[in-house]
Amino acid sequence: MIGFALSSSVFSLMAMISLLEISVSFLCFSYFFGYFLIMKKPHRSFPTNWPFLGMLPGLLVEIPRVYDYVTEFLEASNLTFPFKGPRFGGLDMLFTVDPANIHHIMSSNFANYPKGSEFKKLFDVLGDGIFNADSDLWKDLRKSAQSMMSRPEFQRFTLRTNMSKLEKGLVPILDHFAEKKLVFDLQDVFQRFTFDTTFVLATGIDPGCLSIEMPEIEFAKALDEAEEAIFFRHFKPEIVWKMQRLLGFGDELKMSIAHSTFDRVCSKCIASKRDEITRGVTSIDSSSKDLLMSYMDVDTTKYKLLNPGDDKFLRDMILSFMLAGRDTTGSALTWFFWLLSKNPEVTTKIRQEINTKLSPRTDNDPVHFSSFNPQELNKLFLSFNAGPRTCLGKEVAMTQMKTVAVKIIQNYEVKIVEGHKIEPVPSIILHMKQGLRVMVTKRCNLKFAKVELRSLFGNFQINNILRMIARKRFYGDGAEQDDDSKRVRQLVDEAVSSAGVGHASDYLPLLRSVTSYEKRVKKLAVRVDEFLQGLVDEKRSQKEKGNTMIDHLLSLQETQPDNYTDVTVKGLIVVTRTLEWAMLNLLNHPEVLKKAKIEIDTKIGLDRLMDEPDALNLPYLQCIVSEIFRLYPAAPLPPRRATDDCIVGGYNFQRGTTVIANVWAIHRDPDIWEEPEKFKPERFEKKGEDKKLITFGMGRRACPGSGLAQRVLLLSLAFFFLISLKLLFGKRHIKFNLPPSPARPLPFIGHLHLLKQPLHRTFLTFSKSLDGAPIFSLRLGNRLAVVVSSYSVAEECFTKNDIVLANRPEFIVGKHIEYNFTTMTSAPYGDHWRNLRRISTLEIFSSHKLNGLLSVRTDEIRHLLLRLSKNSQHGFARVEMRSLFMDLTINNILRMMAGKRFYGDGTEQDDNARRVRHLIDEVVAKAGAGNANDYIPILRWFTNFEKQVKELAGRVDEFLQSLVDEKRANKEKGNTMMDHLLSLQQMQPDYYTDVTLKGIIIVMILAGTETLTGTLEWAMLNLLNHPEVLRKARTEIDTKIGFDRLIDEPDTKSLPYLQGIVLETLRLHPAAPTLVPHMTSDDCMLAGYDVPRGSMLLVNVWAMHRDPSVWEDPEMFKPERFENEKEKQKVLSFGIGRRACPGVALTHRLVTLALGSMVQCFEWERTGEEYIETREAPMMRPATPLLAMCKARPIVHKTFDGFA
């Protein structure tokens, strides 16, 4: 009754207020409309002074452009203007920008102009802080703050804070936006940067506002809303905004919420700081003393009006400093970069000044600005106030602004989005209303390095030729210390030398009898033949035919037995020397180099290496190759011998005459070529010019390898252009304290040669070789990998560094099969991944969704039981378990997703099902096997792995799209996940795209197949090897379930021993023994070591699950260990942190139910007396498919007749 009466009173009061508002509004409108008609005058710059309301209406109309408007009427009023507010409203103000007036008010007669009580009312949220204080309190606050901020310790603390946030916060975010080519709000980034640094200086706490996730920080939001409310208080009569505050609406409601936020957050910081001091965690004499700590330790005998024991006093101090430091600097930086965008010539001059006046330094060195003089600055403008109230933080602000400006201008190009509207927002701080929408690109600042190209090109080309011929590598990185490689290199050098140098014995046969030249050549020929025959024999003995030239030539051996030797020698001479001449001429003609690089960057882009088909789209690069072949033919053409008398050029050639064509001279003949001595690739833009080249001979004996030479030279030059020499050979002068490595990495391949399958065992061996190091590093081609084998370091990874490690490395399979890294397992951490995670959590793996699909799991498990029972009704039958588990797993996934069944009974003769099974086998194999192309990108030129993956991805997409289209065309909505997702697609098409749906299916197949199949196979293997565990599990089921019905999914909750078997299986045999790789999005520290940005992180949970310091008898299969609930928390098979596998519930449900059903329905034995081998295959399956003997129990006869 009381509540009803109160509600009625409120509604009555609201009705009366509404009627009153309407009446007053009508009378005011009538009065002012009549006044306007009578007193209407031409437009003036000054606001009209209305009766009763004064000049307020005109000002309110101009609120969207209030800064420009006030400037206009100040200009028209000789720099000073008296503003008349509403009568009795207390809003009369004096606007002035007259320097004499400002000096009078702020300096010479400062004492006559206190802030006063009216100012304090408007800024009441700041309490008694330095902004609101007057007289003696202000003096104490001012002097104490000046003393604290002028201390060298605080200045060093400020510099460290700014540089740390710059390098670890601002730079990684800008790098992220540049790499992803994203449009973002630069004002928001600057506001977050200054908020974090100011909060650290004020409280010693980093709120983490500046991060790639761009989290909403309630304190920062409260500051924005408080500033807006304070601004509008200047133009509202006090009674109006106080009434708003009383009734709780409008700007004052936001102010009240902000006030509460300030109180709560500041109280928490103060309490935390007091607790740290009490417990001795933070020394009060620390050199990193923030302002909050300084004020807690303030000398109250010197500053008598300060009360550090009062939380409100400390709260007002924090808030005043936040308002002063956060918004002003962030806003100034925003407008600074907007002005630079309008004046690019200024940016150029700044960069010139930076390069001239700032000495070379590493990225970690602080920037020093010796030229900054705050006193001189105050004479020029009043941004930091003037007189006794001049801002104490002006030096901090200017240094911070310059540091940020130098970093960005030096390292990035900032481009404002075309059409973006720039206007200020009405507030006490000059923010941009729509923010500053920009895109950034990184500028290249790496240093050039001196390199010797002949050996590099020689190694590159002969390795290329020998790998094409026989897939052998004898030169360059990794081959220097190999004795066999040394012998081959010496042999090839001798062969090239003998083939390329003429000898007098060839022209004076008599000399052969008195010199040993021919004898030496014969010996060399024998050694060359042995080497080549070894290559042929090795290839011939291999059962699997490869894709090398020898493989193809062996099939054509009867017609062309020796062609490959000529190709080896000829290719080595031509292409290596030509590459060297090509780079020499390009370096001597930078304009040609620049033009070629622009062509490649434009047509190929910066995100991938050039492929051979791209050469057709690079005409200028082809011109360069042709010009190199013209000026520098690698060798004279092989001599020809006349087989009969003939006439050439009017001269008689007798039979047996040797003819040598001087191609070098022909290519420089001024009668044929314009300016023949000049390097001019443009000459070949003219059609038909390339026909005059005879570098590879003419006629039927022309070199057959000319096409190969041209293609290799094109690719080689494009490679050096694309990544450019300075990026390929330049070194960043940043030294990291990396985790230890098991051996010195070899150039180019790093530690790849040390990796042996299974990797998790190899990693454990590496760890032991480093005295049990919990973390070590490996160089895998062009990637740095960090391997963690310790619970404590893993916890550090996914708590303190969870966001930094939330990205995934990019692999070829993820690019093509997982829709260009847009699936949940491959997508980079960000909004898209969070959306996918939300979909999977709510629409796929939630308890409600899994419960709704229980019938699918139950039906597939009964199909499994039925297949097992066919031959085991009357005795033990031999069964192969892997294929059965594979059928169970994939049928379950595809039926959950799309209601389709492609495996098991009834599908063997279905051609479509057969194609799908083959497709899924290919996908799982490609996704599960690591490939060297992911670590040595240049291999993509010489292998067809990526081409195979692309082709497979096309077939996979076609299959997945057919599932989606079939479901979409089906008028009757089913109960599959696809049905639910398609219904959501109709409401939110931007979220639930077809690519998203197909990505979900492929991830379910890739992640679920190995996890479920492997876990079931290992569980059964361990039960067969431990019959006592099997008996105990069967007893538990028989006791709690009985013999009259089959186990159901809800029953598994009452079967703790069965659950312990599943957990113990996951402990000993995690499906992903090193988890899905993570990648660092920023430099971070793990276990005291530096882990650079872009490093790949592998967590060896297989080793951690067998750590004797964590687990009792770690190598033994003991499900009993999980009777202790705490032990379950140590199983990390599905990962930890924000990118842990969301499908853990589905795995536990399906594996537990399937395993329990098989134990309940069948007797199980090994096929022999010996234990089953527990060696792993590379994909963490048992090395050989599991074979077992099973015999149906009586419960099968009772229950299977109903569904068989």
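Colleague: Where does Lys181 lie?

Modeller: In this predicted model, Lys181 belongs to the loop between helix H7 (152-180) and strand S3 (184-185). Its relative accessible area is 53%, and because the cut-off for exposed is over 50%, Lys181 counts as exposed.

Colleague: Which peptide bond is cis?

Modeller: The bond from Gln757 to Pro758 is cis, and its omega is near -5°. Pro758 is in the loop between helix H26 (725-729) and helix H27 (759-769).

Colleague: How many helices and strands does the protein have?

Modeller: The protein has 43 helices and 18 strands. Of its 1204 residues, 47% count as buried. Among contacts with a separation of 6 or more, 70% are between residues 24 or more positions apart.

Colleague: Which side chains of strand S1 are buried?

Modeller: The side chains of strand S1 (residues 80-83) alternate.

Colleague: In what sense do S1 and strand S2 pair, parallel or antiparallel?

Modeller: Strands of a sheet pair through backbone hydrogen bonds, either parallel or antiparallel. S1 and strand S2 (residues 93-96) pair in the antiparallel sense, over four bridges. Met93 in S2 is the bridge partner of Phe83.

Colleague: What is the order of the open sheet of four strands?

Modeller: The order is S10-S11-S16-S13, and the pairing is mixed. Strand S10 (775-780) and strand S13 (1078-1079) are the edge strands, each pairing on one side only. S13 and strand S16 (residues 1096-1099) run antiparallel and are joined by two bridges. In S16, Leu1097 stands opposite His1078.

Colleague: How many cavities of 30 Å³ or more does the structure hold, and which residues line the largest cavity?

Modeller: Rolling a probe the size of a water molecule over the atoms shows where empty space is left. The structure holds nine cavities of 30 Å³ or more. The largest cavity has a volume of about 70 Å³. Its lining consists of Thr858, Ile861, Arg862, Leu865, Leu1046, Ile1047, Asp1048, Leu1153 and Ser1157. Helix H32 (854-869) and helix H42 (1144-1161) each supply at least two residues of this lining; H32 gives the most, with four residues.

Colleague: Is Thr1015 buried or exposed?

Modeller: Thr1015 lies in helix H37 (residues 994-1025). Its relative accessible area is 2%, so Thr1015 is buried, the cut-off being under 20%. Leaving aside neighbours within four places in sequence, Thr1015 is in contact with Glu1010, Thr1065, Leu1066 and Val1151. The C-alpha atoms of Thr1015 and Pro1070 are separated by 7.6 Å, although these residues are 55 residues apart along the chain.

Colleague: Where is the place of Arg1193, and which residues is Arg1193 in contact with?

Modeller: Arg1193 is in the loop between strand S18 (1187-1192) and helix H43 (1194-1199). This arginine counts as buried, at 10% relative accessibility. Leaving aside neighbours within four places in sequence, its contacts include Arg1034, Asp1038, Phe1043 and Glu1163.

Colleague: Is Lys304 buried or exposed?

Modeller: Lys304 is exposed, with a relative accessible area of 68%. Lys304 is found in the loop between helix H12 (291-296) and H13. From C-alpha to C-alpha, Lys304 and Asp136 are 9.6 Å apart in space, and they are 168 residues apart in sequence.

Note on methods. Residues numbered from 1 in each chain as written. Predicted model: local features only at pLDDT ≥ 70, side-chain atom pairs only at ≥ 80, totals over all residues. Heavy atoms only, no water. Buried < 20%, exposed > 50% of the residue type's maximum accessible area, 1.4 Å probe, protein only. Contact = heavy atoms within 4.5 Å. Pairing = 2+ DSSP bridges. 1 Å grid on protein atoms, 1.4 Å probe; cavity = no way out; pocket = protein on both sides within 12 Å on 5 of 7 lines; lining within 4 Å. Points joined across faces, edges and corners; volume = space filled by probe spheres on them.
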